[in-house]
Amino acid sequence: MPPIVSLQNDAESQKLLINPSSLGNAVKGSIAIPGDKSISHRALMLGAIAEGTTTIKGLLLGEDPRSTAACFRAMGAEISELNSQQITVQGVGLGNLQEPQDLLDAGNSGTTMRLMLGLLASHPHRLFMVTGDSSLRSRPMSRVVKPLMQMGAEIWGRKDNSLAPLAVKGQQLTSIHYYSPIASAQVKSCILLAGLMVDGKTTVTEPALSRDHSERMLRAFGATLDIDAATNSVTLTGQPTLRGQQVIVPGDISSAAFWLVAAAIVPGSDLLIANVGVNPTRTGILEALAMMEADITRENERVVAGEPVADLRVKHSQLQACEIAGDLIPRLIDEIPILAVAAAFARGKTVIKDAAELRVKESDRLAVMATELGKMGANITELDDGLEIVGGNDLRGAELDSFTDHRIAMSLAIAALNASGQTTVHRAEAASISYPNFVSTLMQILN
Ligand code: S3P
């Protein structure tokens with residue numbers, strides 16, 4: 001019998017081979033998942049600009065937080081060697097980021113670049129140059145550049161200042177009430193971080209609620225925020241004193257999502273995923289899977305360092321199609337690729353709408369999922385702003401590509417668990433952006 005999961009490395013990239021023919025018939029055991037990516041970025045950033053020492057337990061060691069750490073080290077923050085037990089960040093104090101001697105490289109990380117731009121734009125008398133990898137250099141930055149310019153920022157870049165590399169000449173910014181056209185936590189957080197240095201109040205109103213980790217953590221570090229849930233508005237009072245804190249990062253529900261779907265679709269499965277962040281602005285995946293009649297229970301619910309956490313138990317069940325749209329979308333924005341996999345194994349037609357944002361993620365996730373799942377025999381149609389998936393076709397193994405997108409690589413690997421024959425996921429190393437141990441956990445639950 002060939003191994004179920006194996007890796008082949010060549011000079012530039014990694015192939016992940018999955019051959020489920022010898023798969024017993026279950027995904028079993030108890031697993032831990034890596035730290036939340038969004039919270040990891042914010043802990044590093046707030047630690048870097050606060051006074052005193054921040055300790056971070058459970059930091060995600062993926063490539064994206066490493067990019068954030070490297071950028072803030074280059075601006076004077078002392079960040080100890082990264083590990084997931086405990087690291088320390090010696091902050092510079094609000095307004096004291098130093099002008100870096102070189103380009104700030106955000107790598108593949110949209111969160112690093114967009115949140116950091118708010119801080120850079122509000123540091124007078126310094127010049128910052130920001131770049132990223134080829135994927136990030138093609139992603140829209142105008143969504144943060146425009147509101148920052150309304151606050152008085154000076155930013156230059158290609159295509160009418162919308163694409164990195166960007167040059168930022170820090171300024172004393174002024175307050176704003178920004179009505180964001182999109183529900184984006186990156187946009188909201190960028191403006192709030194810029195507002196830290198403003199004399200006055202900065203308000204962001206968004207069309208639907210996006211993840212609120214910045215709001216929670218800013219409060220914990222000492223900022224004053226008023227939240228108006230009725231209008232999805234948050235108001236930050238400028239020039240607070242931010243003091244270093246102890247941050248405990250919960251497991252990333254966006255990483256747990258791969259195992260939730262793996263256990264839901266593979267017959268006989270019973271899996272316990274420990275220590276998952278279940279902040280209500282992130283649990284859209286649980287709501288969608290509940291609509292699909294997945295068998296998922298929350299155990300041991302608690303609050304850890306201001307974020308709700310639970311253990312999730314998931315067992316196999318026959319999934320049903322559902323419709324995913326509207327306000328639910330921002331609460332499961334990163335889980336749509338893996339939900340498309342779940343839908344391919346569900347009874348009936350699943351429709352995902354209002355998700356045009358997926359076209360400007362690390363790849364065009366609507367196009368890529370339609371093409372790659374299509375190669376496996378799924379009945380999947382790309383819509384302008386979503387996907388239509390008629391479940392129930394038997395999937396077959398195929399030669400697939402991650403398009404260097406971490407969530408695509410992992411979603412396709414999970415689809416392969418329930419396909420006949422061998423699947424090869426090319427450029428599978430992309431998973432390390434958010435989940436360095438993805439393949440070893442996959443091997444663990446299949447044994
Ligand atoms: C993130 C916000 C989301 C999400 C991304 C992380 C964050 O992006 O897709 O992976 O940490 O704020 P948008 O704000 O662009 O929707």
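Predicted model: local features only at pLDDT ≥ 70, side-chain atom pairs only at ≥ 80, totals over all residues.

Me: What makes helix α10 mostly covered?

Reply: The helix covers residues 336-344, and nine of its nine residues are buried. To be buried, a residue needs a relative accessible area under 20%.

Me: Why is H406 called buried?

Reply: The cut-off is under 20% relative accessible area. H406 has 0%, so H406 counts as buried. You will find H406 in helix α12, residues 406-416. Not counting residues up to four places away in sequence, H406 touches K37, E362, R365, A430, A431, I433 and S434.

Me: How do you know that the side chain of H406 makes a polar contact with the side chain of S434?

Reply: The distance for that pair is 2.7 Å, and a polar contact requires N or O atoms within 3.5 Å, one able to donate a hydrogen and the other to accept it.

Me: Why is S162 buried rather than exposed?

Reply: Its relative accessible area is 14%. Buried means under 20%, so S162 falls on the buried side. S162 sits in the loop between α5 (158-161) and β10 (163-169). Its side chain reaches the backbone oxygen of K159 at 2.6 Å. Leaving aside neighbours within four places in sequence, S162 is in contact with R139, P140, M141 and S142.

Me: Which residues in α2 and α3 meet?

Reply: From α2, D64, S67, T68, C71 and F72 meet T112, M116 and L119 in α3.

Me: Which residues touch the most other members of the largest nonpolar core?

Reply: Those are W259, I273, L373, I414 and F438, out of 84 residues in that core. Helix α8 (residues 253-265) gives the most to this core, with eleven residues. There is also a second, separate core of 64 residues, including A77, L115, L148 and L196.

Me: What does I273 touch?

Reply: Not counting residues up to four places away in sequence, I273 touches I31, I33, A256, W259, L260, A310, D311, L312 and V314.

Note on methods. Residues numbered from 1 in each chain as written. Heavy atoms only, no water. Core = buried A, V, L, I, M, F, W, Y, C linked by side-chain atoms within 4.5 Å. Buried < 20%, exposed > 50% of the residue type's maximum accessible area, 1.4 Å probe, protein only. Helix = DSSP H or I, 4+ residues; strand = E, 2+ residues; numbered from the N terminus. Contact = heavy atoms within 4.5 Å.
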